[in-house]
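User: Hi! I am new to reading protein structures, and I would like to learn how to read one feature at a time. Could you walk me through this one?

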Amino acid sequence: MQTYTAIAHTNIALIKYWGKKDDKFIIPFNNSLSLTLDRFYTKTSAQPITAATDSFVLDGQAQSGAALSKVTSFLDILRAETGSTQRLAINSTNHVPTAAGLASSASGFAALTLASCAAFGLQLPRRTLSRLARRGSGSACRSIYGGFVEWKKGQDDLTSFATPLAANEQVDLDIAMIALVVSAQAKKVTSRQGMATTVATSPFYPAFVKSCETDLLAIKQAIDAQDLEKVGQIAESNALKMHATNLGATPPFSYFLPETLVAIAAIQQLRAKGFLCYFTMDAGPNVKVICRGQEALKIQAELQALLPNTEMLLAYPGPGAKIVNS
Ligand code: 2P0
């Protein structure tokens, strides 16, 4: 039977998603805003099969146990939502460096949603695909689109989905991101656990949610005005506020490592020298530098001189998820 293949790129949030109002449907407490990147992606094929159960191959290895059931549970959601009964053979390859702190769950669930729905014989609007991808992993709803993307929190399954900031999904702002791989160590607290603990216990959490509203309005204005300095300032501040909520949780936790602070100090040092560079961080110790596309190679070279043992990966704005054959 025909195979359907999709590609979806990773995204990095400038205004963070950090907490669910509804765990089952993955409805967040605040809108978030991300940039889809060109360099890192997941390629996933789905083939209709007559077997009684789905199968899943990841990076060439047949999966079983928890890894397989994560995919089959998500396919069960897709089947329940679309009325399909079709079982699928899924074959997925991550072109995302596993140690880079660039989570593959966003690109992974976005590509899986597109390929699977195509294999079910469905042609769904992208808003529906975004809603469905959200059920796998919240941030995956943003990887359906290219460029700057806002996840509108909505209030339920029907109203919570992502939408591109620019209708053509192009980015007019000259922006790049450099991922600094400060540690390849696996994180101790998954983002799913971390955000749940923070929502339930951190007295700082309501303040974070409130400040996301202000930050989102301000960053959208800065993007419109092509003011990268402002974009960087707001993104850096928003990421630090997200990480501050974790210190207020019970038990407290942090994704920062000593190497994280060294990398931040290097970015601050370049800033003091007049370079435009800011950072953001996700649920791990690695640091992503926000800078001008035109200056990215120069900034990477300056950072490499300060951090000689740190792997650095440069990425630019990327496209939305798409079927690459059908
Ligand atoms: C984000 N992160 O906005 C935030 C910032 C990490 C820090 O979205 O539980 O893997 O599957 O919905 O999407 C990571 O969380 O979590 C994430 P689930 P997800 O990019």
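This is a predicted model: local features need pLDDT of at least 70, side-chain atom pairs count only at pLDDT 80 or more; totals for chains, interfaces and linings use all residues.

User: Let us start with the ligand. How many residues surround the ligand, and which are the closest?

Analyst: A residue is near a molecule if one of its heavy atoms lies within 4 Å of it. Here 17 residues surround the ligand, and the closest are Tyr17, Lys20, Ser137, Ser139 and Arg192. Sorted by type, the shell has seven nonpolar, five polar and five charged residues. For that sorting, Ala, Val, Leu, Ile, Met, Phe, Trp, Tyr, Cys and Pro count as nonpolar, Asp, Glu, Lys and Arg as charged, and the others, Gly among them, as polar.

User: Which distances should I look at between these side chains and an oxygen atom of the ligand?

Analyst: Look for polar contacts: a pair of N or O atoms within 3.5 Å; within protein, one must be able to donate a hydrogen and the other to accept it, and residues adjacent in sequence count only if both atoms are side-chain atoms. A polar side-chain atom of Lys20 lies 2.6 Å from a ligand oxygen. For Ser139, an N or O atom of the side chain is 2.7 Å from an oxygen of the ligand, and for Arg192 the distance from a side-chain N or O atom to a ligand oxygen is 2.7 Å. On its own the ligand has 470 Å² of accessible area, and the protein covers 93% of that. Such areas come from the Shrake-Rupley method with a 1.4 Å probe; for residues, only the protein chains shown count as cover.

User: Which helix gives the most to the shell, and where does the ligand lie relative to the domains?

Analyst: Helices (H or I, at least four residues) and strands (E, at least two) are DSSP runs, numbered from the N terminus. Helix α4 (residues 191-201) gives the most, with three residues. The ligand lies between domain 1 (4-172 + 319-325) and domain 2 (176-315), because both give residues to its shell. Those domain bounds come from an automatic or database domain assignment.

User: Now the rings. How many aromatic pairs are there?

Analyst: A pair of aromatic rings is described by the distance of the centres and the angle of the planes. Rings of Phe, Tyr and Trp (its six-membered ring) pair if their centres lie within 6.5 Å; planes under 30 degrees apart count as stacked, over 60 as edge-to-face and the rest as tilted. By this rule the count is six aromatic pairs. Take Phe29 and Tyr205: their ring centres are 5.5 Å apart and their planes stand at 80 degrees, so the pair is edge-to-face. Phe29 lies in the loop between β3 (27-28) and β4 (32-49) and Tyr205 in helix α5 (residues 205-224), so the pair ties together parts 176 residues apart in sequence.

User: What about Phe74 and Phe109?

Analyst: Phe74 and Phe109 are also an edge-to-face pair, 5.0 Å centre to centre with 75 degrees between the planes. Phe74 is in helix α1 (residues 65-82) and Phe109 in helix α2 (residues 105-119), so this pair ties together parts 35 residues apart in sequence. Both residues are buried. Elsewhere, Trp18, Phe253 and Tyr255 form one aromatic cluster.

User: Which backbone angles deserve a look in Ile26 and at the bond between Thr250 and Pro251?

Analyst: For Ile26, look at phi: the value is positive, about 55 degrees, although Ile26 is not a glycine. Ile26 sits in the loop between β2 and β3 and counts as buried at 2% relative accessibility. For Thr250 and Pro251, look at omega: about -5 degrees, a cis peptide bond. Pro251 lies in the loop between α6 (228-247) and α7 (258-272).

Technical notes: Residues are numbered from 1 along each chain as its sequence is written. Side-chain values use heavy atoms; hydrogens and water are left out. Buried means under 20% relative accessible area, exposed over 50%, partly exposed in between (1.4 Å probe, protein chains only).
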